[in-house]
Amino acid sequence: MDGAIFGFEYAEPLGKEDFDQILYHTQLSVGVINTYMRYLYDKLMGPRGLEQRFSFLNPMKTNLTEMIRKPDEVRTYVVERFMADTDRGKLFFLPFNTGDGGHWLLVAINPFKEIVYYLDSLHNDWTTYPAMKTIVDTIIQTVRAQRKIQVPKRKANNITWNRVECPRQRNNIDCGYYTLRFMKETLLMDRTDIPSDYFDEYRCAYYSKDQLDEIKEELCQFIIELQVL
């Protein structure tokens, strides 16, 4: 994984169980999620020059388990990632996992405009994961402080959270695929603002089998191209 993707360079391990998840359509691991984000970086962001408008946060470092066990490390990683970018309109994608192989959802953050977009294919809201919201709010407030932005005390917590009415999954497996499609479709739209009722071009009650298979096909083709088999 090139350092530009997540802010640090490392090797992402992929094992038989990861390939089985794609082939047999089961819950996706963080390794598969990260591999698809690399695909988006290589195939969409780079060729279209979107690196100045979008970035990724590594879910291996920012899942709920890490937020509870190592909140200072999570804050340090994300704040450094935010502060390293000078583009004030950039949107950061954080695929958030509820921990220990749990549910995937997408949190998309504009740290300088202090806007958070929340896309959950189960149609919960952020109050379901209070530890996640607390950490994200604290990170944005830290970035504000480092930028020396003065905010009246009564507005210190005025961070905008927008719950997006995104397509809804119909089982307990597809959340990872939905989260990957949310990122892909936002990049294809080249919009750093996500409408509260989602994008007109991709609005639907739920994704079809073909739309989910498209993600799997892209993953398989990309893995073969990387010659990791």
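Mentor: Asp20 has a relative accessibility of 21% and counts as partly exposed, because buried means under 20%. Keep in mind that this is a predicted model. The partner of Asp20 is Lys16, and the closest N and O atoms of this salt bridge are 2.7 Å apart. Lys16, at 60% relative accessibility, counts as exposed, because the cut-off for that class is over 50%. Both residues belong to helix α2, which covers residues 16-23. They are 4 residues apart there, about one turn of the helix.

Next comes the pair of Glu165 and Arg163, whose side chains form a salt bridge with an N to O distance of 2.5 Å. Glu165 is partly exposed at 38% relative accessibility. Arg163 is partly exposed too, its relative accessible area being 27%.

A further salt bridge links the side chains of Arg191 and Asp193, at 2.7 Å from N to O. For Arg191 the relative accessibility is 29%, so this residue is classed as partly exposed. Asp193 has a relative accessible area of 35% and is likewise partly exposed. Elsewhere, salt bridges with shared partners connect Arg181, Lys184, Glu185, Glu214 and Glu218 in one network.

As for the total, a search of the whole structure gives 17 salt bridges. The pairs described here, including Asp20 with Lys16, are examples from that search.

Terms used:
Residues numbered from 1 in each chain as written. Predicted model: local features only at pLDDT ≥ 70, side-chain atom pairs only at ≥ 80, totals over all residues. Heavy atoms only, no water. Salt bridge = Lys/Arg side-chain N within 4 Å of Asp/Glu carboxyl O. Helix = DSSP H or I, 4+ residues; strand = E, 2+ residues; numbered from the N terminus. Buried < 20%, exposed > 50% of the residue type's maximum accessible area, 1.4 Å probe, protein only.
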